[in-house]
Amino acid sequence: HETRPATESWGLWVPEAMLIMGATNQDRRDRYVKNWLAIRPTWYCFLQDSYLRPSMMARWWRSLLDSGVYPTAKPVKPDDHAKAMKVINSAFQYSQLPRGNMTSIWFGNVISHVDPSLCRQVAWELSEIGFRTELAVLDLTILKRHFQNKNPPAPVIDQRNQWIDQIFPS
């Protein structure tokens with residue numbers, strides 16, 4: 001099996017669950033969860049487009065979740081944060097969802113306190129969405145070969161996405 005060079009890697013469609021669960025202290029974990037929940041609706045809207053499906057390097061996710069969309073202090077890794085923000089700004093533009101004050105919301109509830117149960121739920125969702133998205137992107141990559149490396153027609157992609165959705169009933 002051949003490994004791709006790092007410059008050709010797919011990146012991550014959502015932050016890895018371990019980024020949140022493996023945070024070195026509770027304050028950092030809470031900040032990561034709150035910042036993720038603030039951008040989550042916009043990001044998921046952006047991920048729905050089969051042709052875009054943006055990804056970011058793990059270190060970009062780390063910088064974004066550590067500093068947030070509106071950093072109150074200079075990010076630890078400003079270059080990584082700037083790259084993440086470029087992608088996030090595209091997501092906001094695409095989704096047309098308002099930025100507002102970036103409130104952290106989990107299934108309709110405003111989050112002011114992050115407890116271990118919430119962290120586990122968020123980590124589970126990130127794992128599931130990451131797997132589903134990677135499966136869909138892999139399927140699209142294989143499908144493009146059938147169409148001589150061109151984007152397949154939207155109805156074909158929609159049908160395949162429906163099949164993948166049937167694997168994971170909500």
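Buried means under 20% relative accessible area, exposed means over 50%, and partly exposed is whatever lies in between (1.4 Å probe, protein chains only). Keep that handy for the exercises below.

This is a predicted model, where local features need pLDDT of at least 70, side-chain atom pairs count only at pLDDT 80 or more, and totals for chains, interfaces and linings use all residues. Residues are numbered from 1 along each chain as its sequence is written, and side-chain values use heavy atoms, with hydrogens and water left out.

**Exercise 1. Getting your bearings**

Find out how many helices and strands the protein has, and in which pattern they follow each other.

*Solution.* 
- Step 1: Helices (H or I, at least four residues) and strands (E, at least two) are DSSP runs, numbered from the N terminus.
- Step 2: Counting them gives six helices and two strands.
- Step 3: Walk along the sequence and you get α-α-α-α-β-β-α-α.
- Step 4: As for burial, 41% of the 170 residues count as buried.

**Exercise 2. Sorting residues by exposure**

Is each of I105, D27, F107 and T133 buried, partly exposed or exposed?

*Solution.* 
- Step 1: I105 lies in strand β1, and its relative accessibility is 35%, so I105 counts as partly exposed.
- Step 2: D27 belongs to helix α2; with 57% relative accessibility, D27 is exposed.
- Step 3: F107 sits in the loop between β1 (105-106) and β2 (109-110), and at 59% F107 is exposed too.
- Step 4: T133, in helix α5, has a relative accessible area of 8%, so T133 is buried.

**Exercise 3. Exploring the core**

Which residues of the largest nonpolar core touch the most other members, and which helix supplies the largest share?

*Solution.* 
- Step 1: A nonpolar core is a set of buried Ala, Val, Leu, Ile, Met, Phe, Trp, Tyr and Cys residues joined through side-chain atoms within 4.5 Å.
- Step 2: The largest one has 36 residues, and W36, W43, M56, L64, I88 and V122 touch the most other members.
- Step 3: At least two residues of this core come from each of α1 (17-21), α2 (26-47), α3 (58-67), α4 (78-95) and α5 (116-146).
- Step 4: The largest share, ten residues, is supplied by α2.
- Step 5: Take M56 as a case: leaving aside neighbours within four places in sequence, M56 is in contact with G11, L12, W43, W61, L64, A84, V87 and I88.

**Exercise 4. Two helices meet**

At what angle do α3 and α4 pack, and which residues make the contact?

*Solution.* 
- Step 1: Axes are lines fitted to C-alpha atoms, for helices over the stretch in contact, and angles run from 0 to 180 degrees between N-to-C directions.
- Step 2: α3 and α4 pack at about 85 degrees, and their axes are 8 Å apart.
- Step 3: That makes α3 roughly perpendicular to α4 (under 35 degrees is roughly parallel, over 145 roughly antiparallel, 65 to 115 roughly perpendicular, and the rest oblique).
- Step 4: From α3 the contact uses R59, W60, S63, L64 and S67, and from α4 it uses D80, H81, K83, A84, M85, V87 and I88.

**Exercise 5. A closer look at T133**

Which backbone oxygen lies 2.8 Å from a polar atom of the T133 side chain, and which residues does T133 touch?

*Solution.* 
- Step 1: The oxygen belongs to the backbone of I129.
- Step 2: Not counting residues up to four places away in sequence, T133 touches W13, L47 and R53.

Notes
Contact means heavy atoms within 4.5 Å. A polar contact is a pair of N or O atoms within 3.5 Å; within protein, one must be able to donate a hydrogen and the other to accept it, and residues adjacent in sequence count only if both atoms are side-chain atoms.
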